[in-house]
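This report describes strand pairing, core packing, aromatic contacts and selected loop residues. The sequence and structure come next.

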Amino acid sequence: QVQLVESGGGLVQAGGSLRLSCAASGRTFSSTAMGWFRQAPGKDREFVAVVSWNGDTVYYAPAVKGRFTISRDNAKSTVYLQMNSLKPEDTAVYYCAAGWHAGSSTRMYDDWGQGTQVTVSS
């Protein structure tokens, strides 16, 4: 298994930016696809972005495409989510997840971080 710890969440005004980080340990990070998901109160956990094990493929949910950027640094065993032009509807707990294959379904990921709160004020 892989252990994941998110950080970088906080309170930001609409139009602002945050960068989330997820540090991984426990298995080979370079062979692990990494995804970001988010969950707002009373709603299902939804896909945000994913990057493949070698970084050659990325996919974003339509709601964040053009505003968010996912990246990874295998030397540091860390995945990032740069969030720009934030909107109040981006408010949620953000989770990183690790799996052997990249995808948009929560069922494709075996290990999850504890989550970090992102709140966007209007």
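## Sheet pairing

Strands β7 and β8 run antiparallel and are joined by six bridges. Strands here are DSSP runs of E with at least two residues, numbered from the N terminus, and two strands pair if DSSP finds at least two bridges between them. Within this pairing, T69 stands opposite Q82 of β8. The model is predicted: local features need pLDDT of at least 70, side-chain atom pairs count only at pLDDT 80 or more, and totals for chains, interfaces and linings use all residues. Residues are numbered from 1 along each chain as its sequence is written, and side-chain values use heavy atoms, with hydrogens and water left out.

Strand β8 (residues 78-83) is also joined to β3 by six bridges, again in the antiparallel sense; here C22 has V79 of β8 as its bridge partner. Together the four strands make an open antiparallel sheet in the order β1-β3-β8-β7. Its edge strands are β1 and β7 (68-73), each of which pairs on one side only. On average, neighbouring strands of the sheet are turned by 15° against each other, direction ignored; the axes are lines fitted to C-alpha atoms, and angles run from 0 to 180 degrees between N-to-C directions.

## Nonpolar core

The largest nonpolar core has 33 residues, and W36, L81, M83 and Y94 have the most contacts inside it. Such a core is a set of buried Ala, Val, Leu, Ile, Met, Phe, Trp, Tyr and Cys residues joined through side-chain atoms within 4.5 Å. Buried means under 20% relative accessible area, exposed means over 50%, and partly exposed lies in between (1.4 Å probe, protein chains only). At least two residues of this core come from each of β3, β4, β5 (46-51), β7, β8, β9 and β11 (116-121).

Which residues does L81 contact, leaving aside its neighbours within four places in sequence? They are L18, R19, L20, W36, V48, A49, F68, T69, I70 and Y94, where contact means heavy atoms within 4.5 Å.

## Aromatic pairs and charges over rings

There are five aromatic pairs in the structure. Rings of Phe, Tyr and Trp (its six-membered ring) pair if their centres lie within 6.5 Å; planes under 30 degrees apart count as stacked, over 60 as edge-to-face and the rest as tilted. F37 and Y109 form an edge-to-face pair, with 5.3 Å between centres and 75° between planes. F37 lies in β4 (residues 33-39) and Y109 in the loop between β9 (92-99) and β10 (111-112), so the pair ties together parts 72 residues apart in sequence. Both F37 and Y109 are buried.

F37 and Y109 belong to one aromatic cluster with F47, Y59 and W112. R45 lies over the face of W112, at 5.0 Å from the ring centre. The charged end of R45 also sits over the ring of Y95, 3.7 Å from its centre. The criterion is that NZ of Lys or CZ of Arg is within 6 Å of the ring centre and within 35 degrees of the ring normal.

T32 is in the loop between β3 and β4 and counts as buried at 2% relative accessibility. Apart from neighbours within four places in sequence, T32 contacts R27, W53, R72, A98 and G99.

Q117 is in strand β11 and is partly exposed, with a relative accessible area of 40%. The C-alpha atoms of Q117 and G9 are separated by 5.2 Å, although the two residues are 108 residues apart along the chain. With neighbours within four places in sequence left aside, Q117 is in contact with G9, G10, T91, A92 and V93.

## Positive phi angles

Most residues other than glycine have a negative phi. S77 has a positive phi, near 50°. This residue lies in the loop between β7 and β8 and is partly exposed, at 22% relative accessibility.

The phi of S85 is likewise positive, near 50°. S85 is found in the loop between β8 and β9, and its relative accessible area of 41% makes it partly exposed.
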